[in-house]
Amino acid sequence: MQKILVANRGEIALRIMKTARKMGISTVAVFSDADRDAPHVLFADQSVGLGPAPASQSYLQIPKIIDAALASGADAIHPGYGFLSENARFAKAVAEAGLIFIGPSPEAIETMGSKLAAKEAVKKYQIPLVPGTEEAISDVALAKLRATEIGYPILVKASAGGGGKGMRVIANPEEFEDQMARAISEAQAAFGDGAVFIEKYVASPRHIEFQVLADQHGKVLHLFERECSIQRRHQKVVEEAPAVVLTPEKRTAMGQDAVKVAMACHYTGAGTVEFLLDEDLNYYFLEMNTRLQVEHPITEMITGVDLVEQQIRIARGEKIAFEQADLAIRGHAIELRVYAEDPANQFLPSVGTLQTYQRPEGEGIRLDDGYREHMDIPIFYDPMIAKLIAYGKDRQEAIQRLLQAIQDYHIKGVATTLPFGTFVLKHPAFLSGQFDTHFVQQHFSPELLHAASDEAARAAAIGALQWWLAQKDTLQPIRHADQNWWEQRK
Ligand code: MV4
């Protein structure tokens with residue numbers, strides 16, 4: 001592999017090219033009219049224009065991207081995340097053009113892209129699944145009987161959905177038929193596939209995902225977990241590794257099951273196996289993401305493994321050069337996604353020019369970004385400006401370093417989620433490890449953002465203290481961890 005075309009933009013395109021360069025591989029950038037002078041274009045050895053700014057006319061154009069690879073003499077394509085990264089037709093077209101797709105096979109992408117196919121694939125491996133139906137619902141009356149067995153509330157999910165799209169809660173039997181009909185028609189409209197199934201609704205889950213690596217010679221390893229429960233409307237905001245709630249035993253069990261999920265679809269490359277964890281720490285396999293994830297850096301920081309390097313090596317046909325027993329968690333890492341969104345105003349996109357853009361630095365700080373001072377944030381793409389990542393010997397040190405880096409990160413011209421990051425990192429529920437996917441909904445309101453006025457600071461402090469007083473009798477130190485977070489007393 002001599003030359004890689006990166007079929008993406010922004011921070012992830014840059015991040016992939018940096019590893020390629022480190023490995024002595026040349027890079028080709030692609031760009032839309034909105035990204036002519038973007039850092040990923042300036043960094044690459046070569047670049048090819050794709051056309052108009054809208055993604056549908058540039059970064060999503062399969063034939064244009066393949067032509068760009070052939071014309072520039074690239075022999076491989078890395079899709080990054082988003083855009084075409086989980087498009088089985090793209091993976092297939094790349095291979096048919098005689099190029100290497102740095103990712104899993106089209107078959108693995110397709111299987112895991114369908115939640116029902118994924119459940120079917122893992123069936124023989126005894127992976128815990130949320131109680132529910134295993135097939136697309138064709139008989140609503142029969143499904144309702146099953147719902148009674150499972151117990152309400154019930155969740156209807158679109159098989160072709162993902163990332164929270166195509167889900168609906170059914171609170172009681174009275175609304176079953178109505179909600180089911182809505183779910184099917186929504187799934188048909190959104191995905192062109194009306195297949196839906198039902199599951200027991202896990203009311204207050206944590207989202208824990210395992211990183212896996214699989215080579216083309218049958219070796220499959222996991223690189224531990226990331227906790228991604230701090231999210232807003234299915235958009236992750238803060239991720240950390242390792243998860244504070246997992247005992248070593250639970251981690252091992254989940255890691256082994258994640259490896260089995262990868263084996264079930266003959267996975268190759270880097271992938272992520274998502275689990276829900278309920279209040280009693282029961283875990284359930286949800287879905288597998290067949291790409292490099294946004295939050296992969298926190299895994300790199302606690303394991304010392306460059307995941308993009310491993311993706312490239314695996315795509316070249318190399319064997320993974322280490323064993324599961326060689327891998328260990330060292331320290332703690334936390335990532336804050338910095339979006340050009342205004343947390344004081346319902347997280348509305350705040351596009352504009354980065355009039356001031358000063359990057360933080362310091363021990364344990366990594367900033368993966370794709371913008372420079374005076375650049376515009378285009379309206380056409382995801383509003384993420386950067387990922388600010390802090391590593392520490394333990395969770396407390398990682399939190400302190402991240403808080404300091406937020407203070408040292410100066411952005412003017414657009415509103416960002418940096419103040420929201422400070423809010424999360426100082427919140428007692430986050431500090432104690434006592435949170436689930438409802439954290440933002442439960443604890444956040446814009447008034448709590450700026451300790452700018454004394455009044456707001458006092459209100460925030462009182463709110464936090466009230467929460468602490470209500471919870472403290474049921475909190476106790478976690479015995480298996482050498483740090484001072486807390487867990488619910490049983
Ligand atoms: C669930 C669930 C509760 N019960 N399934 C949302 C995204 C998709 N990956 C699956 N999701 C959920 N599935 C059952 N049976 C709650 C969610 C969910 C969620 C999961 C992970 C992270 C954030 C979430 C926010 C809302 C709902």
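These are my notebook entries on a predicted protein model.

**Ground rules**

I number residues from 1 along each chain as its sequence is written. In this predicted model, local features need pLDDT of at least 70, side-chain atom pairs count only at pLDDT 80 or more, totals for chains, interfaces and linings use all residues, and side-chain values use heavy atoms, with hydrogens and water left out.

**Overall build**

I looked up the fold first. I found 16 helices and 22 strands in the protein. Both are DSSP runs numbered from the N terminus, with at least four residues (H or I) for a helix and at least two (E) for a strand.

I then checked the dimensions. The C-alpha trace spans about 65 × 60 × 45 Å along its principal axes. The radius of gyration is 23 Å, which agrees with the value near 23 Å for a compact globule of 490 residues. I took that radius over C-alpha atoms, and the globule rule is 2.2 Å times the number of residues to the power 0.38.

Of the 490 residues, 56% count as buried. Buried means under 20% relative accessible area, exposed means over 50%, and partly exposed is in between (1.4 Å probe, protein chains only).

I noted the domains next. The assignment gives domain 1 (3-102), domain 2 (131-200) and domain 3 (206-447). These bounds come from an automatic or database domain assignment. The centres of domain 1 and domain 2, taken over C-alpha atoms, are 38 Å apart.

**Cysteines**

How many disulfides are there? I counted zero, with a disulfide taken as a pair of cysteine sulfur atoms within 2.5 Å. Cys228 is buried at 1% relative accessibility. Cys265 is buried as well, at 7%.

**Salt bridges**

Side chains of opposite charge can pair when their charged atoms come close. I searched the whole structure and got 40 salt bridges. The rule is a side-chain nitrogen of Lys or Arg within 4 Å of a carboxyl oxygen of Asp or Glu.

I looked at Glu225 and Arg251, which meet in a salt bridge at 2.8 Å, N to O. Glu225 lies in strand 10 (residues 220-232) and Arg251 in helix 9 (residues 248-264), so the pair ties together parts 26 residues apart in sequence. Glu225 is buried at 0% relative accessible area. Arg251 is buried too, at 13%.

Asp368 and Arg366 also form a salt bridge, at 2.8 Å, N to O. Both residues are buried. I traced them into a network of salt bridges whose members include Arg15, Lys22, Glu300 and Asp306.

Is Lys123 buried or partly exposed? Lys123 is partly exposed, at 45% relative accessible area. Its side chain meets that of Glu120 in a salt bridge (3.8 Å, N to O). Glu120 is partly exposed, also at 45%.

**Nonpolar patch**

Which residues form a nonpolar patch on the surface? I found Val351, Ile379 and Phe380, with about 290 Å² of accessible area together. Areas come from the Shrake-Rupley method with a 1.4 Å probe; for residues, only the protein chains shown count as cover. Patch residues have over 30% relative accessible area and no salt bridge; like charges are joined within 9 Å, nonpolar side chains (Val, Leu, Ile, Met, Phe, Trp, Tyr) within 5 Å.

I placed Ile379 in the loop between strand 18 (365-369) and strand 19 (384-392). Ile379 is exposed, at 63% relative accessibility.
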